[in-house]
Amino acid sequence: MAIIEQRLAEMGLELPEPLKVRDGLKLPFTWVRVRGSRAYISGHVACNPDGTLAKPLGKVGAEVSPEQGYASARLVALAHLASLKRAVGDLDRVTAWLRVFAMVNVAPGFNETPLVTNGYSDLILELYGPEAGAHARSSIGMAIPLNAPVNCEAEVEIDG
């Protein structure tokens, strides 16, 4: 078993199926675009292992607590890992996490988006370590599709 997948198993974490969306919602893009030694990962939201949208839904600071937002961001990282695995075959091919752009669905007045996004970063650092897992990051507040608490995109470097 690959190292990263073994770590996931040891942590009791499962990579989810692709996001299932309602009938009629068209998503005309690729979840991961590989170009040379880079993989660009489209915005993902948190989903359950079966690919359904994970709850709670809503704005962080209102319907969703910062702790729930943190857990949602962690699930987004798992969704990214699942899409990466489908695109490149082996998560051990990721040699560096370069950039994470996090968008947090915030209630008016909530401005602690980094605390939410830490759920994503903490998982990546735990899995890949500080050398490969360190990444540049932005965390901003905005309205999110599907009323998800968090939506992230990322860029990673992969081996040849």
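Visitor: Which residues does the UniProt annotation "domain: Endoribonuclease L-PSP/chorismate mutase-like" cover?
Guide: According to that unreviewed entry, residues 5-147. UniProt positions are given in the numbering used here, feature names are shortened, and annotations may be inferred rather than shown by experiment.

Visitor: And what kind of model is this?
Guide: This is a predicted model, where local features need pLDDT of at least 70, side-chain atom pairs count only at pLDDT 80 or more, and totals for chains, interfaces and linings use all residues. Residues are numbered from 1 along each chain as its sequence is written, and side-chain values use heavy atoms, with hydrogens and water left out.

Visitor: How many helices and strands?
Guide: The protein has 3 helices and 5 strands. Both are DSSP runs numbered from the N terminus: helices are H or I with at least four residues, strands are E with at least two.

Visitor: In what order do the elements run?
Guide: From the N terminus, α-β-β-α-β-α-β-β.

Visitor: Back to residues 5-147, how much is helix and how much strand?
Guide: That span is 35% helix and 22% strand, and its end C-alpha atoms lie 30 Å apart.

Visitor: How much of the protein is buried?
Guide: Of its 160 residues, 42% count as buried. Buried means under 20% relative accessible area, with a 1.4 Å probe and protein chains only.

Visitor: What about contacts?
Guide: Among contacts with a separation of 6 or more, 82% come from residues 24 or more positions apart. A contact means heavy atoms within 4.5 Å.

Technical notes
Buried < 20%, exposed > 50% of the residue type's maximum accessible area, 1.4 Å probe, protein only.
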